[in-house]
Amino acid sequence: MHSGTIDSAAAGGDALEASIDAARQALLGYRQSDGHWVFELEADCTIPSEYVLLRHYLGEPVDAALEAKIAVYLRRIQGPHGGWPLVHDGDFDMSASVKAYFALKMIGDSVDAPHMARAREAIRARGGAIHANVFTRFLLTMFGILTWRSVPVLPVEIMLLPMWSPFHLNKISYWARTTIVPLMVLTALKPRAINRLGVGLDELFLQDPRSIGMPARAPHQNRGMFKLFGAIDVVLRAIEPLIPKRLRKHAIDLAVAFVEERLNGEDGLGAIYPPMANTVMMYKVLGFPEDHPPRAITRRGIDKLLVIHDDEAYCQPCVSPIWDTSLTCHALIEAGGGEVAQPVRDGLDWLLPKQVLDVEGDWAVKAPNVRPGGWAFQYNNAHYPDLDDTAVVVMAMDRARRDRPSLAYDTAIARAREWIEGMQSDDGGWAAFDVNNTEYYLNNIPFSDHGAMLDPPTEDVTARCVSMLTQLGETAQSSKAVARGVDYLLKTQLAEGSWYGRWGLNYIYGTWSVLCALNAAGLDHQHAAIRKAVAWLASIQNPDGGWGEDATSYRLDYQGHEKSPSTASQTAWALLALMAAGEVDHPAVARGVDYLKTTQTEKGVWDELRYTGSGFPRVFYLRYHGYAKFFPLWALARYRNLRATNSKVVGVGM
């Protein structure tokens, strides 16, 4: 099932083969009993901090043992600057620091403890907690630390707006949509946390927190548009008390119905932590008891996100089994060997029934004539399948069926292909969850200080969809979708030669994705775009032979690659990108392969503390614990396979 006939001596010798074998055996060892893979998905301190604060908001009994473990985790990841970063070894972040300090204080850490004093001083030295983001302000408001004047108005009557209105739920991203709907109920009813310990945060402010008004304009927001939306907020704030009670009740009922249609069992609303937490709080303020099934099931789902080790614990933002399983199957297919055939088949067979075939999710509002056929990221999230996962699953199934034909795979692939083709946006690109989600003006509303209200087409997801279609046999000549997708990718290349990576960090990830797609689409490897990308990748290689890129590359004033320590996953992406461009014999590739071989641990995997995944650029990042387990194996096996063949051409989409 690999991409070439293996001759280990010709491909680089016993050392390379030993490295591949160790990585393959290690990856097989992580398989779940039912055949799938799922690895920890770690964010920053905000999610475990919010988990602690949620329990105290609800007035739940204190779980001292669990809180103690979360406290160990929070103290460990505190930065040398005194606050908390968004990524490993990252800069101070105000909102993360405020939440972590609040959680530790709620757990019982003394404000006079050295780590708490350092955190407090760091927060105050940067202007205080007034500079926390809107989401943090909502949390502090519900704890009574700030007032409702400090947050934007989110009238629940938004549920009544028609699609033609400037603001509509289907004009924002799925993650914003699912977060906002239960939050609107909270803002309508203005609940107060139980907070039995009476913990406050006045010491983090340089002014009376109850005097604080609306947040300032964020750097990405247009001054004029922000003023306009700010004026609208003033008007809404004035008329909100005058809204008829019957109208408000109707809107709340619609919000609850929206949530309950998408509750998704223990996987939760949107299958991500923020909407799930807001849902539990929504049911509480509406007066539903703890054992009310929707509330109880969602609350249990939140606990399923916990990762509890011997000494510490944290809460994941969500889980990634579809993504982990499909990418692992790709790596194992590339690695080959008699022992991988059955695990790969088991993994793909586990994925088969996860395909969403009978639910027209929110995406169908803008694509009403398209049948569902995608896969989600999590175990279950039927209303919100994503194109990236779907394309990766399809390409893995397609590779597997080449060695062992499968009618089930044929059927699944055909349906997924139909869905992806129908989800192409008007500009030729593809987004992660929606189609034509390009109402960019909405990033200027006061609520959108995070700049992540939308899910527009991006280079990495577009590349994955082009890769999938071309691996299935389409070309720019035979498929209008492929032709438009390739045009989109060529237009979005940066002057330096790289492509933006929305969901992986960052330009290395984007460039890997696009070079795979352009190769699969049949572009000549001497094409100017490919040559520029190869030159850029070679130019940013670290002296140790690896590649690295920091989260700061997402800054609004990006001027070029910013040096960062090498990571195994980013090195693997760079290697896979260069090989897709026909550069298996490039000296940079040999150095990168040597880097992976020399940094592999005795367990057969690679240690990777740095974050290489992106949730929301500049706001929220992810550390996929599986990335350093399957991507390096994939790159090493691809190198071996190409070196053992005459064509030196990658014959698949990834």
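**Notebook: helices, rings and a few side chains**

I started with arginine 638, which sits in helix H22 (residues 627–643); helices here are DSSP runs of H or I, at least four residues long, numbered from the N terminus. This is a predicted model, in which local features need pLDDT of at least 70 and side-chain atom pairs count only at pLDDT 80 or more, while totals for chains, interfaces and linings use all residues. Residues are numbered from 1 along each chain as its sequence is written, and side-chain values use heavy atoms, with hydrogens and water left out.

Is arginine 638 buried or exposed? I found it buried, with a relative accessible area of 0%; buried means under 20%, exposed over 50%, and partly exposed in between, with a 1.4 Å probe and protein chains only. Its side chain reaches the backbone oxygen of methionine 654 at 2.7 Å.

**Helix H19**

Next I checked the length of H19 (residues 528–539): its 12 residues should span 16 Å at 1.5 Å a residue, and the end C-alpha atoms are 16 Å apart, which agrees. The expected span is 1.5 Å times one less than the number of residues. I listed Ala529, Ile530, Ala533, Val534, Trp536 and Leu537 as buried in H19. Down the axis of H19, these buried residues fall within an arc of 165°, so they line one face of the helix; the arc is that of the directions from the helix axis to the C-beta atoms. I noted the general rule too: an α-helix has 3.6 residues a turn, so residues three or four places apart point the same way. The cover over the buried residues of H19 includes helix H17 (480–491), helix H18 (507–520) and helix H20 (568–580), where contact means heavy atoms within 4.5 Å.

**Helix H9**

I then turned to H9 (residues 245–261), whose 17 residues reach 24 Å from first C-alpha to last, close to the 24 Å expected at 1.5 Å a residue. Its buried residues are Arg248, Ala251, Ile252, Ala255, Val256, Phe258 and Val259. They fall within an arc of 155° seen down the axis of H9, so they too line one face. On the other side of H9, I noted Arg246, Lys249 and Glu261 as exposed. H7 and helix H10 (273–285) are among what covers the buried residues of H9.

**Rings**

How many aromatic pairs does the rule give? I got 35, with Phe, Tyr and Trp rings (the six-membered one for Trp) pairing if their centres lie within 6.5 Å; planes under 30 degrees apart count as stacked, over 60 as edge-to-face and the rest as tilted. The ring centres of tyrosine 57 and phenylalanine 143 are 6.2 Å apart and their planes are at 65°, so this pair is edge-to-face. Tyrosine 57 lies in helix H2 (residues 46–58) and phenylalanine 143 in the loop between helix H6 (134–142) and helix H7 (174–189), so the pair ties together parts that are 86 residues apart in sequence. Tyrosine 174 and tyrosine 384 are stacked, at 4.4 Å centre to centre and 20° between the planes.

**Glutamate 339**

My last stop was glutamate 339, in the loop between helix H12 (321–335) and H13. Glutamate 339 is partly exposed, at 34% relative accessible area. Leaving aside neighbours within four places in sequence, I found glutamate 339 in contact with Asp21, Arg24, Gln25 and Leu28.

Technical notes. Helix = DSSP H or I, 4+ residues; strand = E, 2+ residues; numbered from the N terminus. Polar contact = N/O pair within 3.5 Å; in protein donor to acceptor, adjacent residues only side chain to side chain.
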